[in-house]
Structures are given as structure tokens and as C-alpha cells.
Amino acid sequence: MWTLSLALLAIVTFGGGSSFSPNKELLECASQILYMDQHSYQIPTNYNRNIPPGKNTTVYIGVNVNRVSGVDENKEEITLDIFLQASWEERRLNVPPEIPFIDLPWEFRELIWTPDLYIWQLQSMKILSVLKEMASLRLYSNGTVSVSIGATITIKCEMDFVLYPLDVQNCAIDFSSYKYTRQDVRFEWREVAPWLGLGPSNGQRSQFRLPKYVVTFVTDKSNHIRNFGEGEHSAARLQIKLSRELRSYLLESYLPSSLFVIISWGSFCVIPEIVPGRMVLLVTTLLSLVTMFDTVSTNSPDALELKCIEVWLISCTIFVFLALMEYFVVLFGIRYDKSWSRRRQDLRRAASAAQLAPPMLMNHSQRLSTPVTGTPQGGVFSPQLSVEDDGLKQQMSHQTIQRDSPMLDTIQSSGGGGMSGRGTLARIGALVDSGVMFCGAQHGALDRFALMVFPFCFFLFNVIYWTTYLSEAHRVYDK
């Protein structure tokens, strides 16, 4: 009895009366005699803490996530507050059967064998403490040793933002050993977690909702192997899935950009002659989309390719730009239509005057049947009369006949088979003329056509866009 009292007095004296010193001699002394409910516990004298308890020792890992402190997209890091538990069988340590477990001081971990746990993606780790560190070392009567700590850890996660903001980040955290191979130590998740850790047998997922993310934790029960050093190392894997809250992006980016595209269709209903009103509407909408694209591209994380939201904004900008180009075509058609209408009236008056000109010399019938010849020069047909009719020349000399004019068609149709090539060019020119007339028609034929085509194309783009990217996001999430 006196021996036990002296040992306890020595422990209190050297430890300052409050805590155990990490001094090796003090720990060895304290480990020999420890009172728990008036029972003594002694570590066997032949115990070797450098050797695992046995061949193929299984270490069970449990993780209870208390809080997700934050997600740093620029550094690609996740900060978690967790309670980590590791347990294994240690048959070399005995506990009296009448005692269910013994709580050992945290410093005693240096006197027994503990697995060299290594978290592969760990950046930093800090054990939580208030009055003392939140860590415990417990020895159960069945020979199980359990180590539990509360800590704040920062995990490095490789993120891919090509699908932003529909992206799903899948981070794998491996708990393994850096020294022992899988022939010596195996890591597995606990099948039963009475302390409400992750990974129960029913595969239930634990979720945390952040302002921008929904964080899901899933324990992977399959066997994972890490190859490094001198062999294969067993690993227990924890999957962290980060999926974004899409509602804010729909309200801040997708909805406004869609409204800008829809507003641009209103320009098709504005009379083309009202140039200031229509141009202000289209140019303002285009500049707003360009500004929105610059803001989103600056504030979003970097990616190797165009991000999902950038593809959307670029497409919306192209739709508005095409509406602006459509208006330019309409203005050109209107200008061409007015110019060609005046020229066509002048040509018709000249043709009527030529047909109604009185005979001036001999052979009135021969003069009227004499064909008009000439050569096309620079897209313009210059008529030349084959008779010496000065009066008719004076009436026709100041006029030029376009290749696609009705008068040219009449002349070429009377020219015989030698004019077939020119007739083909005339028909092509007539088609081009009809297209320009369609674009510049005063009743707005092209605007009515664009008002049907643009909404259909935008709807088709929406179907392709959301189907493609949502299916890709689900594929990444289900990995």
C-alpha cells in the first residue's frame, strides 16, 4: 500500500500536480500503476510498442463531421470540424473483466502501439481545445483500444469548374498508413457507429447546406489500395461531394440574360424607319450582356475551358448581335428598294418613249424590228442601236439598264439562243433582287420572318444546353 502511495506522490510531484509531463521516465512510472475504481493496471513488461498487435491488423476508422467551416474555390480547399475515431484490437493489453473500460491519459499513447494514420489530402490539422485538448485514449475490457480526437482539418480537393455553376466537385479523402503495407495493417470503416459517425450500414448520406453548396459525405466500403514506397497500402476512403445551389445563379445570371434576349425580339416589332429607337434598344441590350459576361468571368473561378455559364452568356450575346445584323440587312434593303424603284420607273419611261418614237427616215418597220445590241460592262448593260436613229439614241444614251431589269429580260428574250448564258445571269440577278426586295419591303417581311425564327432557335438552344450540361453534371455526381 505504501509503495502505491509513494508512486502516486512521485507522479503528482513531477507532474506539477495538474498534468502528466511527456517525460519518458515519468510515463513509464505512471504506466506501471494506475488506479481505476481501486483496481491497479499494469502494462506488461514484455510489451513492445513498435510492433503491431498481430499480422494483418484491422484498424477501424470513424468520422463524425460536426461542421463544414468553408470552401475556398481559389485555393481548392475544404475546412471541416470533425471528430475522428480509430480503434483496433490489442490483445497484449489486459483489463480486469469487472471493468468495462479504462480511460488513459492522452500522453499514454506514446507507451502503446498506435497506427501511423496518414490522411492523403490533408493540408493542415489542429486539435480542438477549450480547457484541454479534445482527445481521449480508452482501453476496453475486450482488448480494443480506441483513440478519439476533435480537430479542425483543411483538405485539398482537386476541382474542375468547366461545368460552373452546374459543377459537382468529387473529393476523395483516403485514411491510410505510410509505413505498414496491407499485409500488416488494413483500414476499414466501422460497420456500427454508436457515436453517430458517418458510414452506417444502410449507406445513409450526411448533408450540410452552405450558402453556395450542398456538401454530402459518403463512406466508400470498397477496398482501396495506395501504391507508394515499398508495397501496397490499404486505405479507407471518404467521398465528399460538393454540388452548388443553382437558385442564386438562375436569378442573378440566367434569368436576366434570357430577358435581354427576349427584349431584343421587340425590335422586330418597331418600324424600321424609326432608327434611333430600334438601335438604342439593340445596342443597349448588347452592351448589357457584354458587361454581364465580363462580371461573371471575373468573379467566377478559373477553368481550363469555357465554363458552362460563359457558354450561355456568349450564346445570348450572339442572339442579340444577330438581331442587330438583321436590322442592318433591313436598312440596306429599304435603301436599295427606294433607289431601284426610282431607277426602274425611269427605265420604264425610257422604254415606252423608245417604242412610241415616230419614224424619222425610211423603212419604219425595219427600224422598229432592228435588235438592240451591246456589251455588259461592270454589271451594267450599255445599249447600242444598229441604225442611225439619232432621236432614239438621245433618248436612251443617258439611261443604263441593270442586268436584272425587266427591260433587259425583254431584250434578251428577243436575242435568240446566243443570249442563254446572259439569261442565266439575269435569272440569278433577279433572285438576288427578289431577296433584297424581301428584306427591304415596307411591310416588314423579314422582321415577321425573324420574329418566328429567333424564338424557335433560342428555345432549341435551351433544350440542347440544359440537356447536355445537366446530364454531364449527374454523371459526375454519380461517380
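A residue is called buried when its relative accessible area is under 20%, exposed when over 50% and partly exposed in between, with a 1.4 Å probe and protein chains only. The structure is a predicted model, in which local features need pLDDT of at least 70 and side-chain atom pairs count only at pLDDT 80 or more, while totals for chains, interfaces and linings use all residues. Residues are numbered from 1 along each chain as its sequence is written, and side-chain values use heavy atoms, with hydrogens and water left out.

By the buried criterion, both tyrosine 465 and tyrosine 469 are buried. They lie 4 residues apart, about one turn, in helix α10 (residues 445-477), where helices (H or I, at least four residues) and strands (E, at least two) are DSSP runs numbered from the N terminus. Rings of Phe, Tyr and Trp (its six-membered ring) pair if their centres lie within 6.5 Å, and planes under 30 degrees apart count as stacked, over 60 as edge-to-face and the rest as tilted. The whole structure holds 22 aromatic pairs. Tyrosine 465 and tyrosine 469 make a tilted pair, because their ring centres are 4.9 Å apart and their planes stand at 50°. Both tyrosines belong to one aromatic cluster, whose members include Trp265, Phe458 and Trp466.

| Charge | Ring | Distance from ring centre |
|---|---|---|
| Arginine 138 | Phenylalanine 101 | 4.1 Å |
| Arginine 226 | Tryptophan 120 | 4.3 Å |

Conventions: A charge sits over a ring if NZ of Lys or CZ of Arg is within 6 Å of the ring centre and within 35 degrees of the ring normal.
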